[in-house]
Amino acid sequence: MTPTRRQFLEGVAALGMGLVVGVRLEPAQAQPGAPAPGVLAPNAFVRIAPDNTVTIIAKHIEMGQGAHTGLATLVAEELDADWSQIRVEAAPSDPTRYNNLAWAPLPAQGTGGSTSLANSWEQLRRAGATARAMLVAAAAQRWSVPASEITVDRGVVAHAPSGRRATFGELAADAARQTPPSNVSLKDPKDFKLIGRHAPRVDSRPKTDGSATYTLDVRRPDMLTAVIARPPRFGATVRSFDATEARRVNGVTDVVQVPAGVAVVAKGTWAAIKGRRALRIDWDEQAAERRGSEELYAHYRTLALQPGAVAQGQGDVPAAMGSAARVLEAVYEFPYLAHTPMETLDCVVELRPDGCEIWLGSQVPTLDHQTVAAVVGLPPSKVRVHTLLAGGSFGRRSTARSELVVEAASVAKALGGARTVKLVWTREDDVRGGFYRPLYTHRLRAGLDAAGNVVAWAHRIVGQSIVTGTPLAPLRVRGGIDLTSVEGAANLPYAISNTLVDLHSPTVGIPVLWWRAVGSTHTAYSTEAFLDELARAAGRDPLDMRRAMLGRHPRHLAVLDLVARQSGWGQPLAPGRARGVAVHECFGSVVAQVAEVSRGADGLPRVERVVCAVDCGIAVNPDVVRAQMEGSIGFGLGSALWSEITVVDGLVQQSNFHDFRILRIDEMPRVDVHIVPSAAPPTGVGEPGVPPIAPAVANAWLALTGQPVRRLPFSRLARAGRA
């Protein structure tokens, strides 16, 4: 069922009612003023100033994925601008102008699901083409020549017959008086000069010279810093607290109770942290979640034996299993995972009687904007959101209830709006504060015929729903199925006549959230690792077995063939090494990876080399695509080899990178990325590189050692004495 705009509005409003008062989406809140005189502003995305600068208004946040560079490339291409004149600014919060078109029918501005370039592909090219047409019209009028005789190249408008030339800046004022054309023609891809080629990232210089502004860099007059003491167990609340000692800490100005816990406000972060340590809090844990990871695994394994809600089914699985020559079964288990972006969460709120401004790296400004307005009791038109660069996110800065801004706004409100407040989460707050990739159990069964062909496939998934109970449920929960839990499994590309995918979504009091590549992070592993176990049982080459079942998916076949050629699949390897392959589609892109693995000195897999092939439509900036694949492989390897959030008696056991291991620099393998040539519109690259790496490593390990790895992370092998 596709939700209507009204349903979404009702969902958001219901959320707001739970906070303070109703929340409504209102257009054009707190917009910047009209363009300065002489500035060409033909639409919401382009500004051309007399100083010859071209400013692109980016509707998507830059959190390291290269979105600002990609968005600017789309505009500059159709504008025929020179790359050196391009600047990028973050758009204000306004879903009427900066809506994510891929999230339709939601009227929401936001970044997620690897959609930034895909949803902007035509929109921003048209924005650039419109500006170009107005510049050409202004030049034609000024020079009294036909517009058809005018050319534009690298920011210069020219009329060859007369020898006249002008820069964008010289024409900006005249162009601003032109009427924007109602329709414009877009370039044929063969004429692209920037798209598909290297252009330096627009954010590299400010990030390397220190001039880039993150939320942590924001300084406001008389600003205070707040940290919050949150309950050690999820679901607990404050029964009472004693702030006597906290108030004695030099620099502490206030201690206030807020819905998230108890906030200590000080003249600096260190004083706030010391004040928090001095607090005495009596927590009410009657409603707290006290189960741990092992209890949940045991519960999930029991559920995995019982039929769930059907997400996908075809044929007659029981009959096909009954007539199969062999039936194999495996259970795969995946832990909770934290996002741990390098810049921990932070938010600045400046609350005045007549308005409110907030600064943060927001993935969904629409939700944050509406929610903070409800918390502080102001109409959205009185609230302004400044979206800043974010030092990573991986989904962490996109929560359905905007918890971060709610916390910051609650503290500012508790102080009566007297001072600007910067809320800071420490690394420990983040690791122990919740919102994890859910813990999952997968039970797979498959039937093989006498020739080793897969004739039946049953896949049962058990794990918390990410979106049930949130305003996004109308969009992502259908027939009781959270689509994020089964994506990558319910749309398995392999040709198997009898298939069944079903789901249990148990209720657990541990907060969960989408994590980079969302459901595909566990479905890709379970399906691709199980397929190699089947190939091994059937005595077949894993890559050939996949190819035989992908006849209806030419993109999958193309990336498999490319990665096979580039990796030397089937060719001899050095002694002590083995290869593993995996292929997966998510967010519209198909990625195949071959991992070359040896046994490290610690007995665990050492990944020597990864070959990656990606079909992401046209590569707007190939260097960014390669960087995203390389980063995704490092990110996915860290979680596969080392990362795990464990819970004991309701308490998270990890706190920082010393016990929540991610990949270290000396563990990063050589990575070779190959992009499938394509003229199709771009698809996502921020996430699709993550899912295949873990099963590719697992399959290489299976080939090397004969050991299937059915519970992540791999480091558990050493703890279990199997390394």
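Helix α16 (residues 520–538) packs against helix α20 (residues 693–705) at an angle of about 25°, and their axes lie 8 Å apart, where axes are lines fitted to C-alpha atoms, for helices over the stretch in contact, and angles run from 0 to 180 degrees between N-to-C directions. That angle makes α16 roughly parallel to α20, since angles under 35 degrees count as roughly parallel, over 145 as roughly antiparallel, 65 to 115 as roughly perpendicular and the rest as oblique. This is a predicted model, in which local features need pLDDT of at least 70 and side-chain atom pairs count only at pLDDT 80 or more, while totals for chains, interfaces and linings use all residues. Residues are numbered from 1 along each chain as its sequence is written, and side-chain values use heavy atoms, with hydrogens and water left out. Helices (H or I, at least four residues) and strands (E, at least two) are DSSP runs, numbered from the N terminus.

**α16 and α20**

- The crossing of α16 and α20 is right-handed, a crossing being right-handed if the near helix is turned clockwise from the far one by less than a right angle, and left-handed if anticlockwise.
- On the α16 side the contact (heavy atoms within 4.5 Å) is made by A524, Y525, E528, A529, D532, E533 and R536, and on the α20 side by A694, P695, A698, N699, L702 and A703.
- By class, this contact of α16 with α20 has eight nonpolar, one polar and four charged residues, where Ala, Val, Leu, Ile, Met, Phe, Trp, Tyr, Cys and Pro count as nonpolar, Asp, Glu, Lys and Arg as charged, and the others, Gly among them, as polar.

**α19 and α20**

- Helix α19 (residues 622–641) also packs with α20, at an angle of about 60° and with the axes 8 Å apart, which makes α19 oblique to α20.
- The crossing of α19 and α20 is right-handed, and the contact joins I633, G636, L637 and A640 of α19 to I693, A694 and V697 of α20.
- The residues of the contact of α19 with α20 are six nonpolar, one polar and no charged.

- Helix α4 (residues 116–143) has 28 residues and should span 40 Å at 1.5 Å a residue, which agrees with the 39 Å between its end C-alpha atoms; the expected span is 1.5 Å times one less than the number of residues.
- A kink of about 45° in α4 is centred on E122, the bend being the angle between axes fitted to the seven residues ending there and the seven starting there.
- The axes of helix α2 (residues 67–79) and α4 come within 6 Å and cross at roughly 35°, and this crossing is right-handed.
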